[in-house]
Amino acid sequence: MGKIILVIGGARSGKSTFAEAKLQEKSSVCYLATSLVDSEDTEMVERVRKHRKQRPSTWHTEERYRNIGDYLSKNKNYDGYLLDCATTLSMNYFYAMMTDQYGKNYEMIDQIIAQFTEDEKDKIESQIMNEWQHILREVKSVEGDIYIVSNEVGLGIVPENSFTRWFRDVYGRVNQLLGKESDNVYLVVAGIPVMIK
């Protein structure tokens, strides 16, 4: 069984670059990319292209944000894994739950989100946390070390709307779970990794 290493930091802190560098010497690496790429979003397409270019071509890239635990249960033999990133996975998983229930009518979804009760928020957060628990159970059975990259979301300004404030809190609790379950945790600041666990 490999180690779980959480790499956390702000936007453009160097966290992904650090995690990728730690896996450079591994003979087989599975990169779990959790972003959704809309071909019309040219800026995001370019970001993904740059990310792919900086990774070794020998790495296997698995693009998904759902059923990662199931994927890991069937693909346990890589020397290393990189899940990038936990924050994006949580958001995409949330919106998948919404579109499963309401279709891809994002205007209607925005209206529904604005009227969530506290009980509804708790149920949704519970589903997100259950998904992470499943991922972490399967992570503990893979052979190689897994680096999980996540955004530190608690150091910026307080968001202006209630949904974003609530989801920032969800991200924070996901990060707390990942920190607790990880063997090592690095905080990356201005490109400098600091081991905090």
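Visitor: In which helix does Asn 175 lie?

Guide: Helices (H or I, at least four residues) and strands (E, at least two) are DSSP runs, numbered from the N terminus. Asn 175 lies in helix 7, residues 162–181. This is a predicted model, in which local features need pLDDT of at least 70, side-chain atom pairs count only at pLDDT 80 or more, and totals for chains, interfaces and linings use all residues. Residues are numbered from 1 along each chain as its sequence is written, and side-chain values use heavy atoms, with hydrogens and water left out.

Visitor: Is Asn 175 buried or exposed?

Guide: Buried means under 20% relative accessible area, exposed over 50%, and partly exposed in between (1.4 Å probe, protein chains only). Asn 175 has 9% relative accessibility and so counts as buried.

Visitor: Which residues does Asn 175 touch, not counting those up to four places away in sequence?

Guide: A contact means heavy atoms within 4.5 Å. On that basis Asn 175 touches Leu 6 and Ile 8, and also Ser 150, Asn 151, Glu 152 and Val 153.

Visitor: Among contacts between residues at least 6 apart in sequence, what percentage join residues at least 24 apart?

Guide: In this chain the figure is 78%.

Visitor: How many helices and strands does the chain have, and what is the order of the elements?

Guide: There are seven helices and seven strands. Read from the N terminus, the order is β-α-β-α-β-α-β-α-α-α-β-α-β-β. The chain's radius of gyration is 17 Å, close to the 16 Å from the globule rule for 197 residues, so the chain is as compact as a globular protein of that length. The radius is taken over C-alpha atoms, and the rule is 2.2 Å times the number of residues to the power 0.38. Along the principal axes, the C-alpha atoms fill a box of roughly 50 × 35 × 35 Å.

Visitor: What percentage of the residues in the chain is buried?

Guide: Buried residues are 44% of the 197.

Visitor: How many disulfides does a search of the whole structure find?

Guide: A disulfide is a covalent bond between the sulfur atoms of two cysteines. Here the criterion is a pair of cysteine sulfur atoms within 2.5 Å. The search finds zero. Cys 30 is in no disulfide, and its nearest cysteine sulfur, that of Cys 85, is 16 Å away.
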